[in-house]
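Student: Hi! Could you walk me through this one with me asking as we go?
Tutor: Happy to, let's bring it up.
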Amino acid sequence: MDSLLLRSFPNINNASSLTTTGANFSRTKSFANIYHASSYLPNASWHNRKIQKEYNFLRFRWPSLNHHYKSIEGGCTCKKCNIKFVVKATSEKSFESEPQAFDPKSILDSVKNSLDAFYRFSRPHTVIGTALSIISVSLLAVDKISDISPLFFTGVLEAVVAALFMNIYIVGSNQLFDVEIYKINKPYLPLASGEYSFETGVTIDASFSILSFWLGWVVGSWPLFWALFEIFVLGTAYSINVPLLRWKRFAVLAAMCILAVRAVIVQLAFFLHIQTHVYKRPPVFSRSLIFATAFMSFFSVVIALFKDIPDIEGDKVFGIQSFSVRLSQKPVFWTCVTLLEIAYGVALLVGAASPCLWSKIFTGLGHAVLASILWFHAKSVDLKSKASITSFYMFIWKLFYAEYLLIPFVR
């Protein structure tokens, strides 16, 4: 918008002063002149203030305004006085248009983006697996219906929340020390994509580890606290890049870390948390607990081996000697499928040997269905397609979830 605001009055020859025109003027003449000027001053002053306000309004509301401000203000005599202001504007905005200081949609989008980034940072498939495993194992300590009480739910909630905090620390530290690898293998993660800075990742990671230990200490359950501590040590040793650690570089050590956490610590420690801390009973190792530990040992090895199959490209570049890098994808893929089928076969035998009819039905039928689905799904995987392999890996996690739905029925 090019606008010209022009207010003019008769020209003034003198500069903002009131003068008399001669020393020989009589007192009467001087008073007459002063009276004449003073009668005109209020009118000029009023226009001056009005135009000044308009100009200040323009300059405040449109700081980018290219303006030219010129003021020629003369004093008032018995002749004439003049005030002239010129404002040249080049902005195309009108006086009516105002910048919006509050945009609810923009704020909502920002919140959604933040939640989505944290969702990806937390690796939700591991979070779901951790929560389901703890709930399932806790149910193994239930001997009768009356055991399912508010006390039981409180104990389970304490364990789940503390473990989820630690789970976020584990997956977060893995991303922090593998940013360059994830730029190749998983560029959609927030650290790899640049949505999170390294400092932001460290802050989130440290915060969740502290919260996990704090909650474990406040609860006062030694099985829970030691489980968190052991998971912290193994998860840190798996990822951190210091001498003698970063065990993920070595295929066997990497598999042992995952097996120790997913198969042993989760099953035993969280069962004992409910058994000894919540129910105040002596520790026992029931048939169902032994089965859960043995079955999840197979499953944990499968997850440890399979997770590296779609990541073979980045692992090769950065010298991670996984089994997939050393042996190629196809033999590792079919080894994983075979191990799971063996585990399902053992589960069928355990179910058949159960003294409870309902346990036989649920355990036998459930594992038979899962074994069949696994086999048919495996035959359709294209090992040359990273997308197909990744999809099958997430399918294995779904089988992992399903197993924890069946474990409480093993009696």
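This is a predicted model: local features need pLDDT of at least 70, side-chain atom pairs count only at pLDDT 80 or more; totals for chains, interfaces and linings use all residues.

Student: Let's start with H4 and H7. At what angle do their axes cross?
Tutor: The axes of H4 (residues 150-177) and H7 (residues 198-219) cross at roughly 155° and come within 8 Å. That crossing angle makes H4 roughly antiparallel to H7, and the crossing is left-handed.

Student: Which residues make the contact?
Tutor: On the H4 side they include Val161, Phe165, Ile168, Tyr169 and Leu176. H7 contributes residues including Phe198, Val202, Phe208, Leu211 and Leu215. Glu158 of H4 and Asp205 of H7 take part in the contact too.

Student: And how do the contact residues of H4 with H7 divide by class?
Tutor: There are 14 nonpolar residues, five polar ones and two charged ones.

Student: Now H3 and H9. Which way does that crossing go, left-handed or right-handed?
Tutor: H3 and H9 make a right-handed crossing. Their axes come within 8 Å and cross at roughly 45°, so the two helices are oblique to each other.

Student: What makes the contact there?
Tutor: From H3 it's Thr126, Gly129, Thr130, Ser133, Ile134, Val137 and Ser138. From H9 it's Arg262, Val266, Gln267, Phe270, Phe271 and Ile274. By class, the contact of H3 with H9 has six nonpolar, six polar and one charged residues.

Student: Switching topic: where is Gly314?
Tutor: Gly314 sits in helix H11, residues 312-317. Gly314 is buried, with a relative accessible area of 0%.

Student: What does Gly314 contact, leaving aside neighbours within four places in sequence?
Tutor: With those set aside, Gly314 is in contact with Ile181, Ile184 and Asn185. Asn185 is 129 residues away from Gly314 along the chain, yet their C-alpha atoms are separated by 5.6 Å.

Student: And Gly351, is that one buried or exposed?
Tutor: Buried, at a relative accessible area of 1%. Gly351 belongs to helix H13, residues 329-352. Beyond its neighbours within four places in sequence, Gly351 is in contact with Lys360 and Thr363. If you're curious about Phe409, that residue is 58 positions from Gly351 in sequence and 9.1 Å from it in space, C-alpha to C-alpha.

Student: Last topic, the backbone. What is the phi of Arg123?
Tutor: Arg123 has a positive phi of about 55°, although it is not a glycine. Arg123 lies in the loop between H2 (104-121) and H3 (124-139).

Student: Which loop holds Leu244?
Tutor: Leu244 is in the loop between H8 (222-239) and H9 (251-278). Leu244 also has a positive phi, about 75°, without being a glycine.

Student: What about accessibility for Arg123 and Leu244?
Tutor: Arg123 has 14% relative accessibility, so it counts as buried, because the cut-off for buried is under 20%. Leu244, at 78% relative accessibility, counts as exposed, since exposed means over 50%.

Notes:
Residues are numbered from 1 along each chain as its sequence is written. Side-chain values use heavy atoms; hydrogens and water are left out. Helices (H or I, at least four residues) and strands (E, at least two) are DSSP runs, numbered from the N terminus. Buried means under 20% relative accessible area, exposed over 50%, partly exposed in between (1.4 Å probe, protein chains only). Contact means heavy atoms within 4.5 Å. Axes are lines fitted to C-alpha atoms, for helices over the stretch in contact, and angles run from 0 to 180 degrees between N-to-C directions. Angles under 35 degrees count as roughly parallel, over 145 as roughly antiparallel, 65 to 115 as roughly perpendicular and the rest as oblique. A crossing is left-handed if the near helix is turned anticlockwise from the far one by less than a right angle, and right-handed if clockwise. Ala, Val, Leu, Ile, Met, Phe, Trp, Tyr, Cys and Pro count as nonpolar, Asp, Glu, Lys and Arg as charged, and the others, Gly among them, as polar.
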